[in-house]
Amino acid sequence: MNPTPSVTADHLKVPDATLYYEVRGQGPLVVLVGAPMHAEHFAPLADLLADGHTVLTTDPRGVNRSSLDEPGRDSTPQMRADDLSRLLTHLGAGPAAVFGSSGGAVTALALAVAHPEQVRTVIAHEPPVSRLLDDPEAHDAAVEDIIATYASGDVAGAWVKFMINANIPLPEFEESASGHAEAPAAPDPQQAADERFWFLHEMRGTTHWEPDIAALRAGPGSVVVGIGEESAGQLCDHTSTALAAALGTKPTYFPGGHIAFADDPAGFAPRLREVLRENGVSRENGVSREN
């Protein structure tokens with residue numbers, strides 16, 4: 001078993017926010033990014049990849065340890081892409097391989113559009129780019145209904161609607177004798193704050209973002225669209241398939257479902273290493289972090 005790598009943690013002040021980030025390992029630079037998931041969710045996978053890679057993880061703006069100057073300001077993929085760009089510039093690192101999952105995959109795609117020179121490869125794992133589907137207005141309306149439900153104080157109802165819209169089973173939410181959904185145990189204050197930020201300030205911007213297909217196809221870096229083997233029929237299966245088709249590529253499959261990188265990092269890491277190697281990101285090819 002490899003020893004746990006040392007982690008360098010710090011903060012970077014950017015316009016309107018202060019970002020928390022971690023760096024571990026040595027070798028070609030790989031960025032792991034989520035939204036709303038943050039650095040703690042990626043830490044086990046980052047530890048595994050640090051044997052052979054320099055791994056950058058971060059809390060997205062407004063989430064966990066990354067604070068906003070103006071609390072409650074909305075977060076968009078463009079803002080989060082700019083944050084990543086500033087982090088890479090601050091570290092003197094790049095171009096990077098960026099693995100993004102869910103909303104983080106949208107962030108990674110936005111980075112490739114806005115700052116293509118900083119991206120070597122984007123692995124967009126199940127991005128919810130619903131604007132590429134046949135009925136984007138219906139999906140937008142569903143998102144607005146979810147947000148409104150949460151804002152009304154019906155947290156469990158918002159989660160149920162979210163999972164129904166995503167077509168992801170949620171066995172934790174069961175109906176009570178009265179016929180209403182019952183929420184799981186209350187999260188701690190930070191989890192509750194992150195949840196609130198996701199529903200009220202991050203979800204709309206993430207799901208409404210439309211990728212610039214021409215820019216992604218013309219950029220110097222490769223774009224890999226990832227789908228979980230257990231995600232068949234889910235919303236992000238459909239959106240990812242649509243993105244791959246628009247790019248003229250085929251999806252790349254990963255073990256597990258939508259958040260397999262966190263549920264089973266040991267099972268996920270070998271496949272991610274393989275995809276990185278296939279796209280020229282390995283210690284052997286001499287691509288490494290720039291200092």
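Author: Strand S7 (119–125), helix H7 (213–218) and strand S10 (222–228) each supply at least two residues to the lining of the second largest cavity. Helices (H or I, at least four residues) and strands (E, at least two) are DSSP runs, numbered from the N terminus. A cavity here is a set of points, on a 1 Å grid over the protein atoms alone, where a 1.4 Å probe fits but cannot get out; lining residues have an atom within 4 Å of a point.

The model is predicted: local features need pLDDT of at least 70, side-chain atom pairs count only at pLDDT 80 or more, and totals for chains, interfaces and linings use all residues. Residues are numbered from 1 along each chain as its sequence is written, and side-chain values use heavy atoms, with hydrogens and water left out.

The second largest cavity has a volume of about 60 Å³. That volume is the space filled by probe spheres set on the grid points, which are joined across faces, edges and corners. Its lining includes Val-119, Val-122, Ala-215, Leu-216, Ser-222 and Val-223. Ala-112 and Pro-116 also line this cavity. By class, the lining has 8 nonpolar residues, 3 polar and no charged. Ala, Val, Leu, Ile, Met, Phe, Trp, Tyr, Cys and Pro count as nonpolar, Asp, Glu, Lys and Arg as charged, and the others, Gly among them, as polar.

Ala-112 is one of the buried residues of helix H3. Buried means under 20% relative accessible area, with a 1.4 Å probe and protein chains only. H3 (residues 103–114) has 12 residues, and 10 of the 12 are buried. From first C-alpha to last, H3 reaches 17 Å, close to the 16 Å expected. The expected span is 1.5 Å times one less than the number of residues.

S7 and H3 also belong together: with S6, they make a right-handed β-α-β unit. Right-handed means that, with the strands pointing away from the viewer, the path from the first strand over the helix to the second runs clockwise.

S6 and S7 pair in the parallel sense over 6 bridges. Strands pair if DSSP finds at least two bridges between them. Ser-101 has His-125 as its bridge partner in S7. S6 also pairs with strand S3 (residues 29–33), parallel, over 4 bridges.

S6 (residues 96–101) has 6 of its 6 residues buried. Ala-96, Val-98 and Gly-100 lie on one side, and Ala-97, Phe-99 and Ser-101 on the other.

Conventions. Buried means under 20% relative accessible area, exposed over 50%, partly exposed in between (1.4 Å probe, protein chains only). On a 1 Å grid over the protein atoms alone, a cavity is a set of points where a 1.4 Å probe fits but cannot get out, and a pocket is an open set with protein on both sides within 12 Å along at least five of seven lines; lining residues have an atom within 4 Å of a point.
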